[in-house]
Amino acid sequence: MTLVFPKESLSAFPKHLTPEYKSTVKRSPTKPLIIVPHTLSELTGPVYGHDAIQETDNDLTKQGKGEPLGERIIVHGHVLDEDKRPVPDVLVEIWQANACGRYVHLVDQHPAPLDPNFTGAGRTISDKKGYYKFITVKPGAYPWGNHHNAWRPNHIHFSVFGHSFLSRLVTQMYFPGDYLFPFDPIFNSVADEKDRLRMVSSFDLENTVPDWALAFRFDIVLRGREATPLDTDKH
Amino acid sequence: MSEITPSQTVGPFFAYGLTPEGRNKWDPNGTYSWKTTVADNLITPDVTGERIRIEGRIFDGDGVGINDAMLEIWQADAQGRYAHPRDTRALPNATFKGFGRSATSKDGTFSFDTIKPGAVPGPNGKPQAPHIVVCIYSRGMLRQVYTRLYFSDEAGNASDPILTLVPADRRVTLIANKSVKNGQPVYTFDIHMQGDKETVFFEV
C-alpha cells in the first residue's frame with residue numbers, strides 16, 4: 001500500500017490569515033507559500049510506540065489525590081485516514097480546561113478556580129483498529145480577549161500523529177449543539193459547515209456507562225489515502 | 001472532496017500537555033508533574049554522527065519574539081535514514097527517532113540538541129542536501145506552518161531540488177549559520193513570520 005497526501009484535501013483547513021481571530025494578523029505568512037513536491041522527508045514521520053506512555057495516561061480523572069470536580073465523560077473514537085481505514089499505533093495527546101473553564105497555566109487569569117485534582121493533560125496510543133479512549137471531565141467555557149464578551153465554546157485540544165509528517169494534526173474537539181458556536185472566530189475559521197461539523201463530537205448513548213459517565217464520540221480523519229494507478233503513473 | 005478533520009490553533013495553553021518540561025515555567029503551582037514525551041534533545045547514547053545544537057528565535061510581524069510557540073523538527077540520521085517504515089533502507093541508528101519538540105522561552109528562543117543529518121534521496125533519484133523539516137505551532141496559527149532548515153556549510157545546497165524552487169533572494173531565510181561555542185557546532189536559525197526577512201514557508 002502506497003499512501004499519497006493530496007494537497008486538495010487541505011481545503012478543509014482554515015486560512016492562515018483569519019482577521020476575525022486577531023492573533024492571526026501578526027503571526028501568519030504574508031508571502032505566498034512555496035509549493036513543493038513530497039519527498040521522503042515529508043512522506044515519513046515520527047513513530048511512537050506504547051513505551052512512550054504510561055498505561056493510565058488516558059485517564060485524566062486519576063492524576064490527583066482525589067477525583068476532579070465536574071461532569072465525568074468518556075471521549076473516544078477512531079483515528080482514520082482519508083480512505084477511512086484505521087490508523088493504528090499513533091500518539092494522541094489532549095489538553096483542556098477544567099470544569100470551570102480554567103487552564104493550569106500562569107497566563108490564564110480567568111477568575112475561576114483551579115482544581116487541585118485536575119491538570120487536564122492526557123495521552124494514549126491508538127490500538128490496531130485506530131481506536132482511542134480518554135476519561136476526563138467536561139471542560140467549561142471561558143472568556144478570552146479577542147473581542148468584547150468573547151467566550152470559547154467547550155473544547156478539548158487534540159494533537160495527533162499519522163502515517164507521515166504531512167498527516168500531523170493539531171485540532172480542537174467541540175461538543176454537540178454548543179450555543180457559543182456562532183460567535184467563535186476559531187471554530188468559524190473553518191469556512192465550510194460540513195468541514196466544521198467534523199470537529200464536533202457526537203453524544204454516544206450506546207457507550208455511555210450507566211450511573212457513571214456520558215460518552216462522546218470523536219473520529220479523527222488524517223491526511224493520506226491509497227495511491228490510485230493514476231497517482232502511481234505520475235511518479 | 002476532502003473529509004479530513006480541520007486544523008485548529010494549538011492556543012496559548014498547550015505547555016502542560018505537550019511541553020511540560022519546557023523553559024518557561026507556566027505552572028502556577030511550580031512544575032508540572034506530567035512527563036515530556038517528545039523532548040528537545042534528540043540525541044540517544046549510541047547514535048553516530050556529529051552532535052550539533054540548533055538555536056534560534058521566532059518573531060511575529062512586529063518583530064517581537066513569540067513566547068508561546070512550539071516547534072517540531074523531523075530529520076534523518078547522519079546516514080540519511082529516516083526511522084519510518086517508508087524508508088526501507090537499513091537503519092544503522094535504531095534508537096534515533098529523529099523527532100523533537102521545543103517550546104519557546106519568554107523572548108521566543110528555541111533550541112534542539114541533535115545529530116547533523118546526512119543527505120537523503122529526493123525526487124527523480126536526485127539527492128537532497130542535508131536538511132531538517134520544521135513545523136511551527138502557536139496561538140494565532142490556525143494550522144501548522146512548514147519550513148525547512150538547511151546548513152550553511154553544505155555545498156549541496158546549491159543543487160538541492162527543494163531549495164532551488166525558492167526564489168534565490170529568499171533562500172537565505174532557510175540557511176542556519178554555523179558557529180562554534182565551547183567547542184560545539186551551533187547552527188543559528190531565526191524564523192520571521194512576516195516582514196522583510198519573512199521566512200520561506202512551504203505548502204506541502
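This is a predicted model: local features need pLDDT of at least 70, side-chain atom pairs count only at pLDDT 80 or more; totals for chains, interfaces and linings use all residues.
Residues are numbered from 1 along each chain as its sequence is written, and chains are lettered from A and ligands numbered from 1 in the order in which they are written.

Chain A gives 70 residues to the contact and chain B gives 62 (two residues are in contact if their C-beta atoms, placed from the backbone, lie within 7 Å). On the side of chain B that touches chain A, at least two residues each come from helix H1 (15-18) and strands S5 (120-121), S7 (131-138) and S12 (202-203). Helices (H or I, at least four residues) and strands (E, at least two) are DSSP runs, numbered from the N terminus. S7(B) supplies the largest share of that side, five residues.

Two strands pair if DSSP finds at least two bridges between them. Here Ile34(A) has Phe202(B) as its bridge partner.

Within chain B, strand S2 (residues 69-74) and strand S3 (residues 99-103) run antiparallel, joined by five bridges. Met70(B) stands opposite Ala103(B). Five of the five residues of S3(B) are buried (20 or more other C-beta atoms within 10 Å of the residue's own, C-beta atoms being placed from the backbone). Phe99(B), Arg101(B) and Ala103(B) point one way from S3(B), and Gly100(B) and Ser102(B) point the other way.

Definitions and conventions:
A residue is buried if 20 or more other C-beta atoms lie within 10 Å of its own, exposed if 12 or fewer, and partly exposed in between; C-beta atoms are placed from the backbone.
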